[in-house]
Amino acid sequence: MIRILGLDPEKDANLVDTDQRVAKMYLEIFSGLDAENRPRLTTFPNDEKYSSMVMEKDIPFYSMCAHHFVPFYGHGHIAYIPNERIVGLSKLPRLLEFYARRPQLQERLTEQVATTLEEELKPQGVMVVVEARHLCVEMRGVKKPGALTVTSALRGIFAQKAVREEFLDLLNRRG
Ligand SMILES: [Zn+2]
């Protein structure tokens, strides 16, 4: 890329080793491509028979758009209603981060988090909402700064309107 842009590291000291730095950075921000880095979802028996919604909201994340390799970033909101098992709360942000750290689509990210929780936790239901700004929309192309893209994925009992409404109610409750 440096060559194609007509830049010369011989003439601009800032560009010396930039290729190496970018490669190393990609290894870091695409660490979710390595299955070894997938967080283990520690689950616990639901001894209290808790059967209401558990929600982690406003989880910040950074990802990279697979089409342009520029960032999209924002917040994820993850909720589930337990069955036999509950999950350690810190695992929900880690799961979002794992799937965000790869060349990604917001739609796919949303689905991957929901599917993983559904398969590994076997809850009564899961819902994931992701809100993000895409720099490939803001810096280039249609240039719409501040536009927010919202995606959602739901499983199981969240198909029921009343359950979805409870999710939105919890989501909109501030402070
Ligand atoms: Zn893009």
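Tutor: The donor residues of the zinc ion follow the sequence spacing C-x2-H-x67-C. His-68 belongs to the loop between E2 and E3, whereas Cys-136 sits in helix H4 (residues 135-138), so this pair ties together parts that are 68 residues apart in sequence. The model is a predicted one. In it, the protein donors are the SG atom of Cys-65, the ND1 atom of His-68 and the SG atom of Cys-136, at 2.1 to 2.3 Å from the zinc ion. Two of these residues may be described by their accessibility. His-68 is partly exposed, its relative accessible area being 35%. Cys-136 is buried, with a value of 9%, which is under the 20% limit for that class.

The surrounding fold may now be considered. Strands E2 and E3 belong to an open sheet of 5 strands, ordered E5-E2-E3-E6-E7 and mixed in its pairing. Strand E5 (103-104) and strand E7 (149-156) form the edges; each has a single partner strand, so one side of each lacks a neighbour in the sheet. Within the sheet, strand E3 (residues 71-81) and strand E6 (residues 125-134) run antiparallel and are joined by 10 bridges. One of the bridge pairs sets Ile-81 against Gly-125 of E6.

Helices also lie across the sheet. Helix H5 (residues 161-172) lies across E2, E3, E6 and E7, at about 80° to E2.

Conventions. Residues are numbered from 1 along each chain as its sequence is written. This is a predicted model: local features need pLDDT of at least 70, side-chain atom pairs count only at pLDDT 80 or more; totals for chains, interfaces and linings use all residues. Side-chain values use heavy atoms; hydrogens and water are left out. Two strands pair if DSSP finds at least two bridges between them. Helices (H or I, at least four residues) and strands (E, at least two) are DSSP runs, numbered from the N terminus. Contact means heavy atoms within 4.5 Å. Axes are lines fitted to C-alpha atoms, for helices over the stretch in contact, and angles run from 0 to 180 degrees between N-to-C directions. Donors are N, O and S atoms within 2.8 Å of the metal (3.2 Å for Na, K and Ca); water is not among the atoms, so sites may look incomplete. Buried means under 20% relative accessible area, exposed over 50%, partly exposed in between (1.4 Å probe, protein chains only).
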